[in-house]
Amino acid sequence: MTANRRFLSILTLGAVVLSLAAVCRGPEYDEGYTAFVTGREARPDWPRTPFRVAEMRAAFLPAPTPAAILEMLRQTDVHPPLYFWLAWGWRRCFGPDLRVTRMLSVLLSLGALALVGATARVTGLPPGLPMLLTLGCYGFVGSGVVARGFALAQCLSVAGLLLALLARRKDRPALALASGASLGAASFTNYLAGFPAAAALLWSLSRRPRGLLQSAAMFGGLAPFLASDFYVFVAQRGSRIGQFEPFAWAQLPAAFGRAIGGALLGGLPLYIGGVYRVTATGLLALLLGTMLSMPVLRWRRVEPRDARDLWGMAALAAPLGLVAMGWAAGSMPVEIRYLTFALPPFALMLAAALREVAVARLLCRAVLAAQALSVAGLIVRPETMQPEGTAALAAVRAAGPNGLVLLPRGNDGVGLVAAFATAAPNGLRIALLEPGTAIAVLRRAALSGGRVVVVLLAVDRDSRSVSGAIRAATAAECRHPAGPSGAELLIVSPGLTCFSHL
């Protein structure tokens with residue numbers, strides 16, 4: 001097979017994998033913010049009394065102007081606007097359906113994958129292995145199909161790194177300017193993409209004597225976006241307080257171990273039971289250690305060296321940036337999706353490190369097999385998905401045609417409510433529960449007659465408070481699992497028989 005045909009074959013495989021993930025995975029908490037920020041109201045004021053899911057659908061329709069989206073983000077969110085402007089235009093053209101919105105991310109992720117192959121070709125690497133290693137990363141596929149800005153930022157970031165490499169090799173400041181603009185646009189899509197941008201800027205300075213000119217040109221491309229980032233971020237800096245656990249140095253190694261392992265090799269142990277889980281965890285840990293150690297052990301032999309240095313700095317920028325950000329904010333923002341910008345440069349560096357290694361073919365087969373299993377699990381296994389979608393389907397079955405579903409409102413009535421409503425039918429009757437009043441609302445519903453189903457989810461601060469209070473006040477025999485993700489259903493027949501105390 002020729003190199004071009006192999007390149008196109010991997011892109012086709014990528015299109016199939018990413019599309020399947022976009023269609024099969026349940027709705028996610030953060031996707032509600034995309035729908036409402038690009039909709040009529042960033043924080044809808046839901047009724048205090050029971051209502052039908054159909055009455056919520058208008059909130060999902062795209063309505064505001066780009067200027068209104070920018071102001072809503074500055075007032076209510078923690079993200080820059082570039083992706084939301086693009087999603088707004090996409091949703092106006094193709095409709096508000098979540099899976100249709102996700103297809104925008106699929107296209108952008110395919111662009112990032114093609115740019116990984118292009119980067120490999122520029123540096124003399126066969127493009128097949130780095131493309132497959134990138135596509136096999138659980139973090140690349142998982143964050144690359146959701147209706148959020150990760151895919152756009154990834155595509156712009158990989159493009160910026162490629163342009164930075166070309167700018168040095170061709171000694172063209174115009175390419176460095178374009179690199180800075182691409183990396184800046186990535187940060188204007190997701191602030192975390194600023195970490196590889198900073199790495200690229202430092203890398204450009206390392207060249208003597210032309211490094212200063214190249215860096216100045218790159219910074220010229222970055223500067224307008226950095227100023228825009230600052231304008232948006234200053235207004236947002238107090239948003240989402242309490243989103244993460246408090247910062248603790250002692251917990252960082254375990255947190256990064258889980259996040260890096262999940263980003264590269266997925267969550268296979270989540271859905272394997274018994275002794276097989278222990279075995280799988282051990283084998284994956286050994287494989288992960290080998291993957292991480294190969295670029296380090298073969299660092300001096302990795303060619304080309306200019307690309308090696310850029311990829312290494314970009315890959316390290318994400319975890320080091322998260323540590324610095326967490327320390328400054330006093331929180332632990334260590335998650336698989338936040339490491340996604342490190343994955344393409346690491347895949348390129350790993351592929352380069354494995355050249356001319358005796359056991360390279362065996363190791364590559366082991367890594368790609370483990371990644372294939374992890375991505376397959378990401379597509380089909382509910383254990384890898386957020387709980388709102390499976391909880392909604394279980395609640396519909398339990399409530400029947402005339403029942404009432406009580407749902408925690410969550411911190412702001414967006415993430416949890418939107419994900420649940422996306423999976424629920426229009427005719428379902430729901431009421432929202434808030435801390436402090438949840439038990440009283442549940443008691444009135446139980447006494448009013450009819451079947452009542454309470455969805456017990458713990459996905460943010462307020463939902464944990466509501467679910468904990470209801471669990472403490474009700475009998476365990478009335479609660480039933482709602483899928484493998486930890487959600488429960490409290491099924492209340494008329495009367496107060498399920499209450500352990502009032």
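Which residues are buried in helix α3 (residues 66-76)? The buried residues of α3 are Ile69, Leu70, Met72, Leu73 and Arg74. Buried means under 20% relative accessible area, exposed means over 50%, and partly exposed lies in between (1.4 Å probe, protein chains only). Helices (H or I, at least four residues) and strands (E, at least two) are DSSP runs, numbered from the N terminus. The cover over the buried residues of α3 includes α2 (31-37), α4 (82-94) and α11. Contact here means heavy atoms within 4.5 Å.

The model is predicted: local features need pLDDT of at least 70, side-chain atom pairs count only at pLDDT 80 or more, and totals for chains, interfaces and linings use all residues. Residues are numbered from 1 along each chain as its sequence is written, and side-chain values use heavy atoms, with hydrogens and water left out.

An open sheet of six strands runs in the order β1-β3-β2-β4-β6-β5. Its pairing is mixed. Two strands pair if DSSP finds at least two bridges between them. The edge strands, β1 (51-52) and β5 (479-481), each pair on one side only. Strand β1 is joined to β3 (residues 429-433) by two bridges, and the two strands run antiparallel. Phenylalanine 51 stands opposite isoleucine 430 of β3. Helix α19 (residues 438-447) packs on the sheet and touches β2 (404-408), β3, β4 (452-456) and β6 (488-492). The direction of α19 makes about 155° with that of β4. Axes are lines fitted to C-alpha atoms, for helices over the stretch in contact, and angles run from 0 to 180 degrees between N-to-C directions.

Strand β3 also pairs with β2, in the parallel sense, over five bridges. Leucine 407 has leucine 432 in β3 as its bridge partner. Strand β3 is mostly covered, with four of its five residues buried.

Serine 143 lies in helix α7 (residues 138-144). Serine 143 counts as buried because its relative accessibility is 6%. Beyond its neighbours within four places in sequence, serine 143 is in contact with Phe150, Ala151, Arg337 and Thr340. Glutamine 154 is 11 residues from serine 143 in sequence, and their C-alpha atoms are 9.7 Å apart.

Leucine 212 belongs to helix α11 (residues 211-236). Leucine 212 is exposed, at 59% relative accessible area.

Two loops carry backbone features. Proline 304 lies between α13 (274-297) and α14 (305-329). The peptide bond from glutamate 303 to proline 304 is cis, with omega near -5°. Aspartate 171 is in the loop between α8 (150-170) and α9 (173-187). Aspartate 171 is not a glycine, yet has a positive phi of about 55°. With a relative accessible area of 30%, aspartate 171 is partly exposed.
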